[in-house]
Amino acid sequence: MKRLVQRTAIFLGLMLPCIPAHANPVMAPVIDRVQDSPAPAAVQTAAGTAPGTKSDNPTTDTAKTDGAALVSTASTQNSLMSAGREQVVVPSSIHGTFKLDGNWRFHTGDDPAWADPAFDDSTWDKINVTTSLPEQGVESYSGYGWYRLRLHPVPIPDSGVLALSLLVAPNSVGQLEVFANGVELARTQGMTDAKPTMYQSRPFAVQITQAAPDGTVVIAIRSWADTRIGRGLVDHVELGDADSIAEKLALEKDRQWDEHVIAEMIVSFFFLCVTVLGATLYLAQRNHSEYLWLSLLCLSVSLRASVETAYALAVIPLSAFAILSPWTTWLFIFVTLEFVLHFTGNRWRRPVRIMQACALLLPITSMLHLVQTFKYLSLASQFFFCGLIVVMLFRAWRHGRPEAGVMLLPFFLAATADSTDILLDFAANRNWIPTRFASPHFHFGSIEYSTSIVTYLVFLGSLIAVILYRFVHVSQEEQRSAAEIEAARSVQALLIPTQLPSNRNFVLDSAYLPANGVGGDFFQALPLKDDSMLIVVGDVSGKGLQAAMNASTLVGALRNELSHDPATVLSHLNQVMLGATSGAVAGFATCLCARIYPNGQMTIANAGHLSPYRDGREMELIACLPLGIIPDVEYEQSNFKLKHGDRLTFISDGVVEATDTKGELFGFERTQQVSHEPARYIAQTAQRFGQTDDITVVSLYFVPA
């Protein structure tokens, strides 16, 4: 059997000169069988014969001269012994590439002498760079580690110059320095002579142009990373001609873009677009702050993705990424909580504020180098954050906000996927689970993406749908409200006269400041045939168009009223409010009706309204029930005699109930202090104090002829 394998290897060498084994699919199965067999005796002889020495075996001479019989051996990385040292025989002339993943010697620590080709590494661990170290019986480590591999290019050209290139692909943040026969060929960005810095390393290629006097090339790779290393810092190594290696290098760089950059850039772009959308919606509806926080939420996601992209492209080192990443993550948490708080109208402000404070303070533990503390607190805080958001959305959905329910499932999936990825990566880094069980990744063509990317896009889609739905719904409501306000304003013209009547006995002044465009306050000043003046001031319960419509009904009934006796007027208006005559009005209203004669005689009746002020003092009236409470109320009248120059001031409760930012009422005392002032001054003073309701002020100055 051994002889058959030997003849097969020689036959392949004669028939397939200078062709890599993987380039011939027909012969690949045969080569694979040779791969599992012991090294042929003819190849061992060729490997062990010094260049230029004639062998007694003609078959060996043919293999050495053509270099073809070694193609299969190089492709399969058969390890041969020469002068007591293990070496990998490779062809000196290659058209294509093959991997050098196995037969590496590895040792932790750092010694410049380990780059010397004469150094004996036979006691080092033998590893395959594509397999994790713990799976090969090598403990994980941190700091420096060396890889060594001895190559024997056959045959050596007469010129002594080799035309080989080596592709080295680092793993993650591993920093590498490559030597060939003790001469440094290349190093990664962070492998400096001083203390190295961890960057996301990119693949690179080096040229191998000279063999040692014994015909070998010793590849030594010095590696470093300031973190726990289990996978190894060399991802893979390939040997080939310059053109093929250059092509492989371009493919490796494209692969890094596909695996670490493109998906993040796409997500960042989409969230940036929604940032602009949210800002635009906020400018259109400034009273809805959730659009502003949506814009900031998406901006924080874009910022976070930009930091990750900058790290993946080796623009920033790991030390800078370790500072920026927690801050961008917790900024996202802070803004997301604020967005959900405004979006749901939830009253859970205290838990949200506590979580936001933790979000801003927790990264400080990372800056203080409390690494383990930060990891555990960060993990616990993220789960608490996810739970808080889900509970807030769920409660809003249960309380009649269907758009919160639309966001609930996508957010839960996004939060769960992100947290699951964190847990799996954390467990894999601690060697609690094999690295193959770390967070799963998928491919769309050549682009790699994770479950977090998918769920973030689903969450973004739900955000867009919900926010656009709310914007359209709010726009429709605002259009409907605008139509109602326009209709109410036309009604308001009936409630609030634009011009007050005056005669030689009375000087009237008024001010009306609605709280929401239109309201339920009304007043009328009706001159009568006997030169007396009928003044009616009232306030209908409720706000907006409905209150204005109720008030207009009362004003219409008042203008059709035949009697001008205050008590009789209030009785009739009470029937209107109860619907005894028209049946079209509901609710209640406070109302004050006064008739003032030219001689100063005044008759007044009150239906639950605020008493007027006479020269800065509140008048004492007989209080009765407001209009619309019960039928057949008999309203009592009070009689007064005005003097020349007396000022009467009628107000609505919007003056007294004005409230400042501290919650303090304007109150009766302040109202009395300003009651002798003009109507507009009183109204503006109450408004500046803090308007909460419609403000109506009517003043009458008695100046008999």
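I began with C298, which counts as buried because its relative accessibility is 0%. The model I am reading is a predicted one.

**Cysteines**

I then looked for disulfides, taking a pair of cysteine sulfur atoms within 2.5 Å as the cut-off. The count came to 0 disulfides. For C298, which is in no disulfide, I noted that the nearest cysteine sulfur belongs to C273 and is 10.0 Å away. I also checked C624: its relative accessibility is 16%, so C624 counts as buried too, the limit being under 20%.

**The chain as a whole**

I recorded 19 helices and 24 strands in the protein chain. Of its 705 residues, 51% count as buried. I next considered contacts between residues at least 6 apart in sequence, and found that 72% of them join residues at least 24 apart.

**Helices α7 and α8**

How do the axes of α7 and α8 cross? I found that the axes of helix α7 (residues 262–284) and helix α8 (residues 290–312) come within 8 Å and cross at roughly 160°. The handedness of the α7 and α8 crossing is left-handed.

I listed the residues that meet across this pair. On the α7 side they include M265, F271, L272, V274 and Y282. On the α8 side they include Y291, L292, L299, V301 and T309. C298, with which I began, is one of the α8 residues that meet α7.

I followed the chain into the loop between α8 and α9, where A314 lies. The phi of A314 is near 60°, a positive value in a residue that is not glycine. With a relative accessible area of 9%, A314 is buried.

Helix α9 itself covers residues 318–344, which is 27 residues. I read 38 Å from its first C-alpha to its last, close to the 39 Å expected at 1.5 Å a residue. Just after α9 comes G345, with a positive phi of about 65°.

**Helix α6**

Which residues of α6 are buried? I found S244, I245, L249, E252, Q256 and D258 to be buried in α6. I then asked what covers the buried residues of α6. The covering elements include the strands β3 (97–99), β7 (161–170), β10 (204–210), β12 (234–240) and β14 (447–450). Helix α7 is also among them.

**Loops between strands**

I looked up two further backbone features. In the loop between β6 (141–154) and β7 I located P155. The peptide bond joining V154 and P155 is cis, with omega about -10°. I flagged the bond because most peptide bonds are trans.

In the loop between β8 (175–180) and β9 (183–187) I located N181. N181 is not a glycine, yet its phi is positive at about 55°. Is N181 buried or exposed? At 17% relative accessibility, N181 counts as buried.

Key:
Residues numbered from 1 in each chain as written. Predicted model: local features only at pLDDT ≥ 70, side-chain atom pairs only at ≥ 80, totals over all residues. Heavy atoms only, no water. Buried < 20%, exposed > 50% of the residue type's maximum accessible area, 1.4 Å probe, protein only. Helix = DSSP H or I, 4+ residues; strand = E, 2+ residues; numbered from the N terminus. Expected span 1.5 Å × (residues − 1). Axes fitted to C-alpha atoms, helices over the stretch in contact; angles between N-to-C directions. Left-handed = near helix turned anticlockwise from the far one by under 90°. Contact = heavy atoms within 4.5 Å.
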